[in-house]
Amino acid sequence: MFKTNYTPHGPAPSRCTIRAAIRMLVACAALALMSLWPATEGRAQQRYSRSFAPRRNVSLLLRNRSGQVVVEGWDRAEIRVTATMESPAAHVTPTLNDDGLTIDITNDNRGRDDIGDVNFKIQVPYDSTVDLQTTRGDITVRNVRGRLVHAHIFSEGDIELTDIRAMTVMAENVSGDIVFDAELLRGGSYELKSTQGVINMRVTPGSGFTLTATAPHTRNINLGGFAQLGNFNYQGGDNRRVVGTVGDGSAKVIMTNLRGAINLAPRAR
Amino acid sequence: MNCEKCQEHLSDFLDGTLTGEARILLGRHLTECLVCADVRDDLGAIVSSAQAAHNYSYAPPSSRALWLRISNTIEAECAEQQQTAARVAALAADRRESFLTRTLQRRWTLTLPQLTAAVAALVVAVAAVTVFSVQSLLRPQQTAEVKAAISGAGHRVSSDQELDLLMQRIAQRKARWNPRMRDAFERNIMVIDAAVNDSLQQLDQSPHDEVSEEALDAAMRDKKELLRQFADL
């Protein structure tokens with residue numbers, strides 16, 4: 001117990017005793033803070049994870065409000081959805097039906113003005129059709145070989161489409177870069193649109209396609225190695241639009257960047 | 001008794017139902033007034049005839065025979081009217097034919113100035129008809145262009161109204177978004193507006209520039225999508 005010095009008026013606490021008491025109080029406060037720390041962390045982020053086995057159509061429709069979206073193809077016949085939700089956490093209620101899996105964060109949280117980002121990692125069978133829309137945030141799609149890949153960011157965010165093998169690919173955003181590093185299929189349609197950012201398209205060197213690339217503000221259209229492989233014409237004056245054909249011209253490529261640059265290059269083998 | 005009173009009671013007088021002083025007075029008036037006496041005679045004759053015919057039995061008319069008579073009468077009247085109309089038409093045709101015949105058979109003798117004036121009038125008439133025909137042909141195209149312009153303007157107006165409504169909705173709700181969302185909206189609407197201005201400036205210099213028109217359309221489409229998306233939050 002505490003040591004006490006006795007005075008004519010009774011016992012008086014010594015300096016050592018006061019210091020010990022302060023130390024104990026500080027230690028208790030630190031313990032209390034440490035005990036609260038995990039709870040705070042737990043409120044800041046919530047995690048959602050669930051697997052779905054699509055019956056017929058393997059398609060994914062995601063409408064997110066804000067946050068990153070990563071979709072990857074894998075060799076399983078199921079869709080696994082993992083979502084990390086920042087506080088205030090959004091409601092995530094995927095629905096599986098004959099049309100595929102639908103995750104509509106916008107609709108599920110309509111009227112809730114302030115919800116945190118929802119970051120998705122979704123694994124889908126390789127042959128899935130993927131339709132992704134978000135108001136804000138990056139979209140990445142890898143190793144998907146379905147009929148359609150659509151990535152639309154209504155405001156800002158980067159789009160990265162790599163190792164895609166689909167007949168129809170559409171990617172559009174307002175601000176942010178778009179990277180398409182994938183294969184062009186015969187008769188396929190590939191459209192990349194941005195208002196401000198850089199569009200980088202890297203395709204297999206032997207691909208045959210018709211190109212319409214428009215960059216009206218920057219006039220910066222770089223055809224890279226394809227400049228020598230195809231016949232190109234500059235339209236609209238001052239190189240604002242390039243139209244041309246490479247190989248058999250079977251695929252159709254349209255790139256439009258209203259205030260940014262367009263780069264076309266062969267894929268690295 | 002006066003005449004009016006007399007004629008009022010005359011029927012009773014003839015039937016014999018009028019008696020007393022009234023009958024005496026009426027009889028006296030009839031001797032004095034020739035008009036009333038004539039009326040009495042006529043009325044008496046009618047009454048006598050009616051009484052004589054009272055016992056005559058009329059054979060009820062056959063309805064079929066009656067209808068046949070009516071029908072024949074109507075047909076006869078119609079045939080008469082048709083004949084009259086045919087006669088009038090034949091007469092009018094005869095008049096026209098005679099006018100044409102007269103006009104064509106007339107021998108025209110014109111002096112040189114008259115002939116020149118006639119040719120000039122003919123040339124002017126042909127030119128007027130030609131001008132009128134060309135204008136008629138051009139008018140549908142102009143109308144189509146005007147309609148297209150009007151519909152385009154209408155579309156722009158409706159589009160502008162939609163943008164205004166979306167902007168109003170966003171302005172009401174923007175304060176409740178989280179700061180990251182608010183900043184994203186502000187940045188990107190500025191980017192799109194800059195793209196719109198680029199295209200408009202280019203179109204000011206080259207009004208029919210295809211690339212700028214497409215760029216303007218794309219930017220406006222992006223703007224509408226952005227506003228719809230944020231208004232829907």
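**Stop one: the core**

Start with Val71(A), Val141(A), Val149(A) and Leu161(A), the residues with the most contacts inside the largest nonpolar core, which has 71 residues. (A nonpolar core is a set of buried Ala, Val, Leu, Ile, Met, Phe, Trp, Tyr and Cys residues joined through C-beta atoms within 7 Å; buried takes 20 or more other C-beta atoms within 10 Å of a residue's own, with C-beta atoms placed from the backbone.) Next, select helix α8 (residues 210–231) of chain B: seven residues of this core come from there, the largest share. Apart from this core lies another, of five residues, including Phe13(B), Leu26(B), Leu30(B) and Cys36(B).

Before moving on, note that this is a predicted model: local features need pLDDT of at least 70, side-chain atom pairs count only at pLDDT 80 or more, and totals for chains, interfaces and linings use all residues. Residues are numbered from 1 along each chain as its sequence is written, while chains are lettered from A and ligands numbered from 1 in the order in which they are written.

**Stop two: chain B**

Show chain B as a cartoon and you'll see eight helices and zero strands (DSSP runs, numbered from the N terminus: helices are H or I, at least four residues, and strands are E, at least two). Buried residues make up 12% of its 233 residues.
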